[in-house]
Amino acid sequence: MFPAQFKKLIDAFSALPGIGPKMAERLVLYLFKQSDDDIHAFARALKDISTLSRCKQCFNIADQELCTFCRDPHRDKTIICVVQEPLDIIPIERTRTFHGLYHVLGGTISPKIDAKEHAHLTIAPLLERIKRNAVKEVILATNPTTDGDATALYLKEKLSPLAIHISRLARGLTTGADIEYADDLTLRSALINREKLA
Ligand SMILES: [Zn+2]
């Protein structure tokens, strides 16, 4: 019905999470109506994403060996906030309450899944990082969900032998919701009133 190029792009959009075939068609039609310059800018932005990688230290998205936080000499290197995904950093930064560094786990530990399935999580590099640097506190900022809580508990046990403070974001965040969607005030108070675990 449509040229192959049109269909190919619809398929590419449909493969993205949360985008159904109808939405994909609408997006491609929208792009088709744009100027050549706009389409080229869009294509370039898409292509440039492949030049990004993970920060060697905290696994956040980075355009150099280290991400902007790890490169920043003004950040407090003695405190690390552990988050599930890079996008969780955005709402925490928005609170302007946290001035330390981050560590991106890359997911959660599900009590229902075999431990081998968690090999992709950056837990070993986190432990190494704490041992190597003069870290005083680790804030566990995993989501207030079943898996997020299980992950915080697992990390607490792993980190307990190290002589550091361990804390968890205070209750008050909506249970079952993602930190990514928490409002600034609630998240700010969850950070300030963080619960000491060890
Ligand atoms: Zn980093």
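Which residue stands opposite V138 in β6? I looked it up: V138 faces I166 in β6.

**Ground rules**

I note that this is a predicted model, where local features need pLDDT of at least 70, side-chain atom pairs count only at pLDDT 80 or more, and totals for chains, interfaces and linings use all residues. Residues are numbered from 1 along each chain as its sequence is written. My helices (H or I, at least four residues) and strands (E, at least two) are DSSP runs, numbered from the N terminus.

**Entry: the sheet**

I traced an open sheet of five strands. Its order is β4-β3-β5-β6-β7, and the pairing is mixed. Two strands count as paired if DSSP finds at least two bridges between them. I reminded myself that strands of a sheet pair through backbone hydrogen bonds, either parallel or antiparallel.

Which strands stand at the edges? They are β4 (100-104) and β7. Each has a single partner strand, so one side of each is left without a neighbour in the sheet.

**Entry: strand by strand**

I started with β3 (residues 76-83). Five bridges join β3 to β4, and the two run parallel. Here D76 has G100 in β4 as its bridge partner.

Next I checked β3 against β5. They also run parallel, joined by four bridges. V82 has L140 in β5 as its partner, and C81 stands opposite I139 in β5.

Then I moved to β5 (residues 137-140) and β6 (residues 165-168), which pair in the parallel sense over four bridges. E137 stands opposite H165 in β6.

In which sense do β6 and β7 run? They run antiparallel, and two bridges join β6 to β7 (residues 195-196). R168 stands opposite E195 in β7.

**Entry: crossovers**

I found a β-α-β unit made by β3, helix α5 (residues 89-94) and β4, and it is right-handed. With the strands pointing away from the viewer, right-handed means that the path from the first strand over the helix to the second runs clockwise. β5, helix α7 (residues 146-159) and β6 make a right-handed unit as well.

**Entry: two helices**

I turned to α1 (residues 4-14) and α2 (residues 21-32). They pack at about 125 degrees, with axes 8 Å apart. Axes are lines fitted to C-alpha atoms, for helices over the stretch in contact, and angles run from 0 to 180 degrees between N-to-C directions. That angle makes α1 oblique to α2. Under 35 degrees is roughly parallel, over 145 roughly antiparallel, 65 to 115 roughly perpendicular, and the rest oblique.

Which residues make the contact? From α1 I listed F6, L9, I10, F13 and S14. From α2 I listed P21, A24, E25, L27 and V28. Contact means C-beta atoms, placed from the backbone, within 7 Å.

Terms used: Two residues are in contact if their C-beta atoms, placed from the backbone, lie within 7 Å.
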